[in-house]
Amino acid sequence: YVAFKASPPLGEAALRTFVPLELDAIAIVTLVGGTVGGYITFAGAHRLLDAGIKGKAALPEVRNGFGLVLVMSLTILIASVMRVVLFLAVLGVVSQGVTLDPKNPASTPFEYVAGNIGLLIFGVVIWAASITSVIGAAYTSVSFITGFSPAIARHRNWWVIGFIAVSTAVLATV
């Protein structure tokens, strides 16, 4: 909604996607790394291990794991589409001459297009992005430490819940 109402210059955006005025390798690495970074890859591998799919005998099943590949591909596709939509929202308001709020530049398009309701929408978008990241990071991080102790492995779910609780407390405090 925000991207649509911001009326970004779609033709220019499409042109510059394929014919940029400058190429910034750091921006490319940041976007690609943020989209297909380690947690997505590790979470998939850890889910296989949790399902008991491990060892040389499981290699054919892992190689033919279309479902896992499909889920990972859809996850990356959804994250990529959201990045494009959010970019278009920012491009739309900036191209209209709106100055981004230096205290919270990402919220500016939402507030400009939809006022206080836009800020609420922004909050929901940021919350959804953060909570999915925290849950994925909690699961994967706990998967890494379950080998340290049988007690951790036995109480894995409580460790995941604890990780989420601590992450939430840190986020709420900061």
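Contact here means heavy atoms within 4.5 Å. The model is predicted.

T108 belongs to helix α7, which spans residues 108–145. With a relative accessible area of 9%, T108 is buried, because buried means under 20%.

Apart from neighbours within four places in sequence, T108 is in contact with V98, T99, L100 and D101. For D101 there is also a polar approach: the T108 side chain reaches the backbone nitrogen of D101 at 2.9 Å.

## The salt bridge

The whole structure contains 1 salt bridge. It joins the side chains of E12 and R16, with an N to O distance of 3.1 Å. Both residues sit in helix α2, 4 residues apart, so about one helical turn separates E12 from R16.

E12 has a relative accessibility of 41% and counts as partly exposed. R16 is also partly exposed, at 30% relative accessible area.

## The second largest pocket

The volume of the second largest pocket is about 880 Å³. The lining of this pocket comprises 21 residues, and those closest to the centre are A13, R16, T17, L31 and F87. R16, one of these, is the salt-bridge partner of E12.

Three helices each supply at least two lining residues: α2 (10–18), α3 (25–35) and α6 (66–95). Sorted by class, the lining of the second largest pocket holds 13 nonpolar, 3 polar and 5 charged residues.

Methods: Residues are numbered from 1 along each chain as its sequence is written. This is a predicted model: local features need pLDDT of at least 70, side-chain atom pairs count only at pLDDT 80 or more; totals for chains, interfaces and linings use all residues. Side-chain values use heavy atoms; hydrogens and water are left out. On a 1 Å grid over the protein atoms alone, a cavity is a set of points where a 1.4 Å probe fits but cannot get out, and a pocket is an open set with protein on both sides within 12 Å along at least five of seven lines; lining residues have an atom within 4 Å of a point. Grid points are joined across faces, edges and corners, and a volume is the space filled by probe spheres set on the points. Ala, Val, Leu, Ile, Met, Phe, Trp, Tyr, Cys and Pro count as nonpolar, Asp, Glu, Lys and Arg as charged, and the others, Gly among them, as polar. A salt bridge is a side-chain nitrogen of Lys or Arg within 4 Å of a carboxyl oxygen of Asp or Glu. Buried means under 20% relative accessible area, exposed over 50%, partly exposed in between (1.4 Å probe, protein chains only). A polar contact is a pair of N or O atoms within 3.5 Å; within protein, one must be able to donate a hydrogen and the other to accept it, and residues adjacent in sequence count only if both atoms are side-chain atoms.
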